[in-house]
Amino acid sequence: MPEYAFHAYLFAAASAAAVFAIVDRYYDRLAQLPPLTIDGKPNYNMGPVKFATVAAMLWGIAGFTVGLYAALELAFPVLNFDLPWLSFGRIRPLHTSAVIFAFGGNVLIGTSFYVVQRTCRARLAGDLAPWFVVLGYNFFIVIAGTGYLLGITQSKEYAEPEWYADLWLTVVWVTYFLVYIGTIMRREEPHIYVANWFYLAFILTIAVLHLGNNAAIPVSLFSPKSYIVWSGVQDAMVQWWYGHNAVGFFLTAGFLAIMYYFIPKRADRPVYSYRLSIIHIWALIFLYIWAGPHHLHYTALPDWAQTLGMTFSVMLWMPSWRGMINGLMTLSGAWDKLRTDPVLRMMVVSVAFYGMATFEGPLMSVKAVNSLSHYTDWTIGHVHSGALGWVAYVSFGAIYCLVPWLWNRRELYSLKLVNWHFWISSLGIVFYISAMWVSGILQGLMWRAYTSLGFLEYSFIETVEAMHPFYLIRALGGALFLAGALIMVVNLWKTVTSVSELEAAPGVRPALAAA
């Protein structure tokens, strides 16, 4: 199979490059490993953090662009040009994986490696291992993304890569956990800051979900095809146990860790309530893991399991809003900074979107509401209010903070450009989610409309035709969001390449010292 052979060549090339890099590094090595401290101060390893930060922005732009193209294809199907690798069925999972796992994953790995070092006052555990994590993870993204375009997929939402990519990710993820826990074990601070608990919950739970949902038997070592060990309704239940908790622990717990570090840091205020943050994490851990069955209302899944998922989803509203309140109240005494600091404003707005999405999600899990919303664009609007408003905004805020710290710059190149980014992308989000909310409710109502004789009032093609104006508005919203991200790239590039006389002076490290 030529597609599988292409991936074999990629693995071979990556292996050869790794061997060359390791041998070259061996001959250029110092007499001993880098010291853990220099003059009594931690000798932080920020190289992998820099790489992950740059990779996050590159993958983000790629993922947003593919998403915009997918949105345009829904409005203008002719844009697939009858090419299989441009069909919506292939570029849609490419978009979701690029923005969730490539952009979001690199943000999580980069920020977690930064935060664990700073809060533990300890260098990252391992010498090659942190680099193996960031490089190995991005190689997994390359294998997964090219696989989608070539038609290699196991057709499981958020878990499309085939068995060999999953095995590689398992090795990378176990190394990630060992590096993280090893850094915490060598900490100089007796207290483990709350952000690290959220990162650990994210890393451990994603490992369990990945192993459970991707348990598969390959056809052979010479075939990319495999068969999942689960079947029928059991497969559906395991898939949405995985799918919803990928949202719960990849897109929620990990980014809450970012909130708990970067908002207090940027606002120069302590976390509002440490006790509330502990309640927040343990409630999420015990409740989120049960919520997956609400994706399977009115299916062959037993009714008790559907009700269980709905009940735990509604219960999730309380700890989620505890976290939102904790994040917002951290600004007590510092609300005036929102007028002058667009980075902090972006992160605070992200917390507001988190609160909105975690209210809407439990609402949509209720069976009566779900009967209207499921399979409609309302779900798309809900997902993107969380993805764009919460995940992307808190990620942008963290990167805006990290770049000056990592590259030893006193401040960002232009706060005015951050303002432009914020307002343009905010307008894009409003267009996007508003269009999908209206479109989704209209879809649901048209699908359940009957004539006086008991026949469906609208054919399916009539409902599709009714969606066209909203798909145009969604594409406009996506274009605005992408434009904002491009402004961010320009701002970050200028931040890194523009050096003031003060920053160029030897021995001056104002930004890193402040971080």
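Me: In what handedness of crossing does H3 pass H5?

Reply: Left-handed: that is how H3 passes H5. The term applies when the near helix is turned anticlockwise from the far one by less than a right angle, and right-handed is the clockwise case. One caution: this is a predicted model, where local features need pLDDT of at least 70, side-chain atom pairs count only at pLDDT 80 or more, and totals for chains, interfaces and linings use all residues. Residues are numbered from 1 along each chain as its sequence is written, and side-chain values use heavy atoms, with hydrogens and water left out.

Me: At what angle do the axes of H3 and H5 cross?

Reply: The general idea goes like this: two packed helices are described by the angle between their axes and the distance between the axes. Here, helix H3 (residues 88–120) and helix H5 (residues 163–185) cross at roughly 15 degrees, and their axes come within 9 Å. H3 is therefore roughly parallel to H5. On the terms: angles under 35 degrees count as roughly parallel, over 145 as roughly antiparallel, 65 to 115 as roughly perpendicular and the rest as oblique. Axes are lines fitted to C-alpha atoms, for helices over the stretch in contact, and angles run from 0 to 180 degrees between N-to-C directions. Helices (H or I, at least four residues) and strands (E, at least two) are DSSP runs, numbered from the N terminus.

Me: Which residues make the contact between H3 and H5?

Reply: From H3 you have Leu108, Ile109, Ser112, Phe113, Val116 and Cys120; from H5, Tyr176, Val179, Tyr180, Thr183 and Ile184. Contact here means heavy atoms within 4.5 Å. Sorted by class, the contact of H3 with H5 has nine nonpolar, two polar and no charged residues. (Ala, Val, Leu, Ile, Met, Phe, Trp, Tyr, Cys and Pro count as nonpolar, Asp, Glu, Lys and Arg as charged, and the others, Gly among them, as polar.)

Me: And how are H12 and H14 oriented, roughly parallel or roughly antiparallel?

Reply: Roughly antiparallel to each other. Helix H12 (residues 342–365) packs on helix H14 (residues 377–406) at about 155 degrees, with the axes 8 Å apart. Their crossing is left-handed, and the contact of H12 with H14 has 18 nonpolar, eight polar and one charged residues.

Me: How many disulfides does a search of the whole structure find?

Reply: A disulfide is a covalent bond between the sulfur atoms of two cysteines. The search finds zero of them, using a cut-off of sulfur atoms within 2.5 Å. Take Cys120: the nearest cysteine sulfur, that of Cys401, is 19 Å away. Cys120 is buried at 0% relative accessible area, and Cys401 is buried at 1%. Buried means under 20%, exposed over 50%, partly exposed in between (1.4 Å probe, protein chains only).

Me: Where is Trp407, and which residues is Trp407 in contact with?

Reply: Look in the loop between H14 and helix H15 (415–447). Trp407 counts as buried at 19% relative accessibility. Setting aside neighbours within four places in sequence, Trp407 is in contact with Lys50, Val54 and Val496.

Me: What is phi of Arg121 near?

Reply: Most residues other than glycine have a negative phi. Arg121, which isn't a glycine, has a positive one near 55 degrees. Arg121 sits in the loop between H3 and helix H4 (129–150) and is partly exposed at 34% relative accessible area. Tyr298 also has a positive phi, about 60 degrees. Tyr298 is in the loop between helix H8 (274–288) and helix H9 (303–315), exposed at 53%.
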